[in-house]
Amino acid sequence: MLGKWLRCSQCTLFNGRRDIVPGRGNLYGWLLIVGQAPGVEEELGSRPFIGSAGKLLRRCAVEAGLDLRGSFITNAVLCYPPANRPPSSRELMCCSARLHHTLETVGQVVLCLGRVAADACLGRAWRWNQIVQKDKKLWLPTKHPSWYLKREEKEIGGLVKVLKAVAHMCPPWEGANVDMVV
Ligand code: SF4
């Protein structure tokens, strides 16, 4: 599956990309986290959520008691949109078969980070921080960590609160540490 996407040229994000940034983590865990798109740091490191937004997400997960060893993390598109712009609807559509395969096969709880991810996962049928039951999973759309980076420290408690709700839905991971790339 990954080999197909490593060579993917289905949308304009193929032009000038240094590397795709596949999803990464525990394919057998409770939680699937979906973001918008890789940033420049993620493209350079070929790993999702290793930049400042990812660092904030991990810090808040620790504060919330959310065990990310039981999570897999990916983005609505696998290639970096130049200048960190949002992916276009055409680019999202081109990458949607890959995303929906992941949505169908990974996790019982899906945390959608940001509007682009929530729309890609749920269409328009969602509201911020409201749990959606669909396809035998629980979906929770919430603001992207990068949104909190632009705000005061005291507002970051909002992200911790959401992650605490996710922690209630996802028991601590008791299996071996798993780090898979898809
Ligand atoms: S964003 Fe998705 S569809 Fe577009 S080139 Fe990258 S892997 Fe292919």
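Is Arg151 buried or exposed? Arg151 is exposed, because 12 other C-beta atoms lie within 10 Å, where a residue is called buried if 20 or more other C-beta atoms lie within 10 Å of its own, exposed if 12 or fewer, and partly exposed in between, with C-beta atoms placed from the backbone. The structure is a predicted model, in which local features need pLDDT of at least 70 and side-chain atom pairs count only at pLDDT 80 or more, whereas totals for chains, interfaces and linings use all residues. Residues are numbered from 1 along each chain as its sequence is written. Arg151 belongs to the loop between α6 and α7, helices (H or I, at least four residues) and strands (E, at least two) being DSSP runs numbered from the N terminus. Between the C-alpha atoms of Arg151 and Ser52, which are 99 residues apart along the chain, the separation is 13 Å.

The largest nonpolar core has 47 residues, of which Ala76 and Cys112 touch the most other members; such a core is a set of buried Ala, Val, Leu, Ile, Met, Phe, Trp, Tyr and Cys residues joined through C-beta atoms within 7 Å. At least two residues of this core come from each of β2 (31-35), α3 (52-64), β3 (71-75), α4 (89-105), β4 (109-113), α5 (115-122), β6 (137-142) and α7 (157-169). When residues up to four places away in sequence are not counted, the residues that Ala76 touches are Val34, Gln36, Ala37, Pro87, Leu92, Cys95, Leu99, Val116, Ala117 and Ala120, contact being defined by C-beta atoms, placed from the backbone, that lie within 7 Å. In soluble globular proteins, nonpolar side chains tend to be buried together.

The 13 residues of α3 should span 18 Å at 1.5 Å a residue, and its end C-alpha atoms are 18 Å apart, which agrees; the expected span is 1.5 Å times one less than the number of residues. Within α3, the buried residues are Ala53, Gly54, Leu57, Cys60 and Ala61. They cover an arc of only 130° around the axis, and therefore lie on the same side of α3, the arc being that of the directions from the helix axis to the C-beta atoms. The buried residues of α3 pack against α6 (145-149) and α7, and the helix is followed by Gly65, whose phi is positive, near 75°.

Helix α7 also has 13 residues, and the distance from its first C-alpha to its last is 19 Å, close to the 18 Å expected at 1.5 Å a residue. Its buried residues are Leu159, Val162, Leu163 and Val166. Seen down the axis of α7, these buried residues fall within an arc of 95°, so they line one face of the helix. An α-helix has 3.6 residues a turn, so residues three or four places apart point the same way. The cover over the buried residues of α7 includes β2, α3, β4, β6 and α6, whereas the face turned away from the buried side carries the exposed residues Gly157 and His168.

Around the ligand there are 14 residues, of which Cys8, Cys11, Val77, Cys79 and Cys95 come nearest; a residue is near a molecule if its C-beta atom, placed from the backbone, lies within 6 Å of it. The shell comprises eleven nonpolar residues, two polar and one charged, where Ala, Val, Leu, Ile, Met, Phe, Trp, Tyr, Cys and Pro count as nonpolar, Asp, Glu, Lys and Arg as charged, and the others, Gly among them, as polar. Helix α4 gives the most to this shell, with three residues. Cys8 and Cys79 are also in contact with Phe14, as is Ser9, when neighbours of Phe14 within four places in sequence are left aside. Phe14 itself lies in the loop between α1 (2-6) and β1 (24-25) and counts as partly exposed, with 14 C-beta neighbours inside 10 Å.

Positive phi values also occur in residues other than glycine. Asn129, in the loop between α5 and β5, has a positive phi of about 60° and is partly exposed, with 13 other C-beta atoms within 10 Å. Lys136, in the loop between β5 and β6, has a phi near 60° and is exposed, with 6 other C-beta atoms within 10 Å.

How values were computed. Two residues are in contact if their C-beta atoms, placed from the backbone, lie within 7 Å.
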